[in-house]
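This report describes selected features of one chain and its contacts with neighbouring chains.

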Amino acid sequence: MTLSDMWNIGLMQGFAGLSLFAVLLLMGLGLAIIFGQMGVINMAHGEFMTIGAYTIYMASVFTETRAPGLMAAYFPIAIVLAFLVAFAAGWLVEWGLIRHLYQRPLDTLLATFGISLGLQQIFRTFIGPKEVSPTLPDWLMGSWAPAEGLDIPINGLFVLGLTLLVTAGVLIALHRSRWGLRVRATVSNRTMANATGIDTRKTDRLTFAIGCGIAGVAGAAFTTIGSTGPTSGSLYIVDAFLVVTFGGAASLLGTVVSAFGIAQTQSISEFFLTGSMAKVLTLSLIVLILMLRPQGLFASKVRR
Amino acid sequence: MSNTDFALAVEDLTVSFDGFKAIDALTLYIDRNELRVIIGPNGAGKTTLLDLICGKTRASAGSIKFKNTELTRMAEHKRVRLGIGRKFQTPSIYENLSVFQNLEVSYPSGRSVFGALAFKCTDEVKARVQVVAEDIGLADRLGTEAGLLSHGQKQWLEIGMLLMQEPELLMLDEPIAGMSARERELTAELLKRICQNRAVIVIEHDMDFVKQIAHKVTVMHQGKILAEGPMDKVQADPRVIDVYLGH
Amino acid sequence: MTTLKSLIQRYQLGSLLLLVLLLAVVLPLTLDIFRLNLVGKYLTYAFVAVGLVMVWGYGGVLSLGQGVFFGLGGYAMAMFLKLEASDPESTKIQSTPGIPDFMDWNQITELPALWLPFKSLPLTLILVIAVPVALAWLISFAMFKRRVGGVYFAIITQAVALILTVLIIGQQGYTGGVNGMTDLKTLLGWDTRTDSAKYILYYACVVLLVASIVLCRWIQTSKLGTLLLAMRDKEDRVRFSGYDVSNFKVFTFCLAAGLSGIGGALFTLQVGFMSPSFVGIVPSIEMVIFAAVGGRMSLVGAVYGALLVNAGKTLFSESFPDLWLFLMAGLFIGVTMAFPMGLAGLWESRIVPWWKGRREALRRAAVQPPPAAMPPASAVERPEDIGGQHLNPEPARP
């Protein structure tokens, strides 16, 4: 094995980690926004990802059967659809459940776990227990070989691009839009935000729905790397929580950094250890670091 | 610079939050048997000062010495065991427990895990609760759930809980907020009684009340001490009038 | 007579006696041994639920990883039983006789050092409690000293549950992997699969459970219990009364872990196997639901919660598996939205006042004229004669 071979393997392994990074980051972004805004940890977040993934699948089936000529174009449209469907579902859940459990974060945890179970069962009953995969358009297949022996899968690049787009979009929205302003105001000081006329409840609902919508996009990304089943969401949920806690709950930069770190640690150690031991190592490292620094990497300075 | 005569010696104390200096190189000395009232406009740093002394906030620089022991690195519960009691601005009592239980829990024994398991409510404890309850005027309400007390009674209960600990430095943050005129009188009498053999710091806004109880007054402004001295001297100080008391 | 009355009040002997009657007399007489064994299994989960009442109901700390401690206790016992079942005589067809079968399948040729302590029963019994407590101490000490609580702590416990599950499944040579440790037959030569053995184990379980409840009740009524409630209400005030709050939380968390470990060991004994499916996130959250349904502040309620939810699970998941999962989802939502104090809370807030109302009405009807001014604000009075549940410790001590 030559040095350049090892370099290539390292790069490709690192790149495999990037797809995981993309999914974790998108999940983590949605969770971080919701947690930062409302202090709510949504245990059903994985299921919103699955909603997005199933939307892509159904769009794929629809296009295949009704408009096969549009196969090349359906995917981006389906991603937008995934966002919207997850957004709508999130809106409903916040309205029906979350807003009643305001200021009771532990109870919200339990209640959203109930939603998670319920959603999984809905998937099982109405879509079926078997795993499904959408037919990905041709331009997503194959790989790009910038150098000899270095094969980078195109869907990985696409997912990465999508993630960067969404992350940038969220950051811009948070710092430039009216919604973003309201969110930042509520996060800093909810009482004052209310007092200055910001409808914090509506902002909560919108934020929750947007967070879920982003999870839907994560689901779209997920379909390019794995097949979707009723319990697919639970694969990433704990990791997504850890991404948020590890990064420092309300910090978006922290979410990016920690998603990257966690994904890469897992991916690279998978090369040296078995899959399960790599997971154990990564999780244990995170827990240990959190024990030493519970506020995460980039905690905002709060008056202690 | 540390003088062993003072109960509390604060020297060059500074704390900053994200660059903003809430307390700026503050120096303050409190005697035993002294009742010091701290006044000043909102945002002057009065509550922050109490937070620093009792340990709710960590100082960025400076020293706080209580009975010659340096406090700045000490954990909150250890400072309490040294003899510091803090009353918070909003009454901080255990709403779901009875008045008796609130006072009993504040009894300074059985503070470790196994101590708490083995703790027995002896006659000595009951007697002490009775004495304190009489002091704070709640002797007939021992069985009432604390959450059902009036606002003023809750304030007294919190003072009572502190008295159970037999503190040597008592810090009260706006003890008469929300009280009626009669309640204020009773509280003034209570405070004058309890400052025998202890140092007491009170933060207050009601000038009549301050005049009734204060031995010495400290005026704070923007994290520093603006003026200090007996009430009439401070009231006449032009800087204080400018900043706080008004013309 | 006053001491007996105060004992009854303190330990809620009324409701406890009712429970003992149910578990020790009614159920064994009405159920066949197969169903009774199932109840025994449910009772082992009740250990975890009782622990959760202490750490979550009283301490205010939600742990979503109690399965870890249940599993550690269960695996400790399983390792002892497995070693006993793997004596050289019965394993002589293996390539390496004298070691558990799954080790043989994974080409392990000698017993790993980790397993050696489990050759001795006394040591195993100690480890059933010691290992969960040690892990609990490690986690909680690090977290509570740094004031980590609430949601963060819950997530960490989830992560630990996931770590342990993946570890156990991944290291199948050492642990039996995803199938767990099976084929556990005898405890020091005594066959645990016979009917008489099942009866004995069932009663052992009941006795230990009742003892745990009494212990927890003793703690609840001590100053420690009052402090836990105070900490849940106003942690800062407790700290500023001179208490090191983290120590109390650590103690309670370790207590819950120890109880869960005992439950796990009893599970292994009664059911005859242990697998990672009791360790992970989903079983851990289910255990929280047992306590939530029964009443997170009620020790006896937690037992009923464990019995009811599990009985429901067994009943429904055979006939209507889809429906059961929807019901579970509904339980989670219902418990948080509609009845946060569980069945015990409903008992206390609906049934007890109704019962008192009836008694008052009957008394008034029986006595002419009606008695002068006995206000039914003897709502502060203890309802010990009907075995009611207490949510708060006695409001007043005269």
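## Helix packing and chain contacts

In this predicted model, the axes of helix 12 of chain C and helix 14 of chain C approach within 10 Å and cross at roughly 50°. The crossing of helix 12 of chain C past helix 14 of chain C is left-handed. Helix 12 of chain C contributes Ile289(C), Ala292(C) and Val293(C) to the contact, and helix 14 of chain C contributes Leu331(C), Phe332(C) and Val335(C). By class, the contact of these two helices comprises six nonpolar residues, with no polar and no charged ones.

Both helices also take part in the interface with chain A. That contact draws 34 residues from chain C and 33 residues from chain A. On the side of chain C that touches chain A, at least two residues each come from helix 6 (121-145), helix 7 (150-170), helix 12 (281-294) and helix 14 (321-337) of chain C. Helix 7 of chain C gives the most to this side, with 15 residues. The side of chain C that touches chain A divides into 28 nonpolar, four polar and two charged residues.

Chain C also touches chain B, in a contact that takes 25 residues from chain C and 29 residues from chain B. Here helix 10 (223-239) and helix 11 (245-271) of chain C each supply at least two residues of the side of chain C that touches chain B. The most is given by helix 10 of chain C, with eleven residues. The residues of the side of chain C that touches chain B fall into eleven nonpolar, six polar and eight charged.

| Side of chain C | Nonpolar | Polar | Charged |
|---|---|---|---|
| Touching chain A | 28 residues | four residues | two residues |

Leu188(C) is located in the loop between strand 1 (186-187) and strand 2 (190-191) of chain C. Is Leu188(C) buried or exposed? Leu188(C) has 8 C-beta neighbours inside 10 Å and therefore counts as exposed, since the cut-off for that class is 12 or fewer. The C-alpha atoms of Leu188(C) and Ile33(C) are separated by 23 Å, and the two residues are 155 residues apart along the chain.

Conventions. Residues are numbered from 1 along each chain as its sequence is written. Chains are lettered from A and ligands numbered from 1 in the order in which they are written. This is a predicted model: local features need pLDDT of at least 70, side-chain atom pairs count only at pLDDT 80 or more; totals for chains, interfaces and linings use all residues. Two residues are in contact if their C-beta atoms, placed from the backbone, lie within 7 Å. Helices (H or I, at least four residues) and strands (E, at least two) are DSSP runs, numbered from the N terminus. Ala, Val, Leu, Ile, Met, Phe, Trp, Tyr, Cys and Pro count as nonpolar, Asp, Glu, Lys and Arg as charged, and the others, Gly among them, as polar. Axes are lines fitted to C-alpha atoms, for helices over the stretch in contact, and angles run from 0 to 180 degrees between N-to-C directions. A crossing is left-handed if the near helix is turned anticlockwise from the far one by less than a right angle, and right-handed if clockwise. A residue is buried if 20 or more other C-beta atoms lie within 10 Å of its own, exposed if 12 or fewer, and partly exposed in between; C-beta atoms are placed from the backbone.
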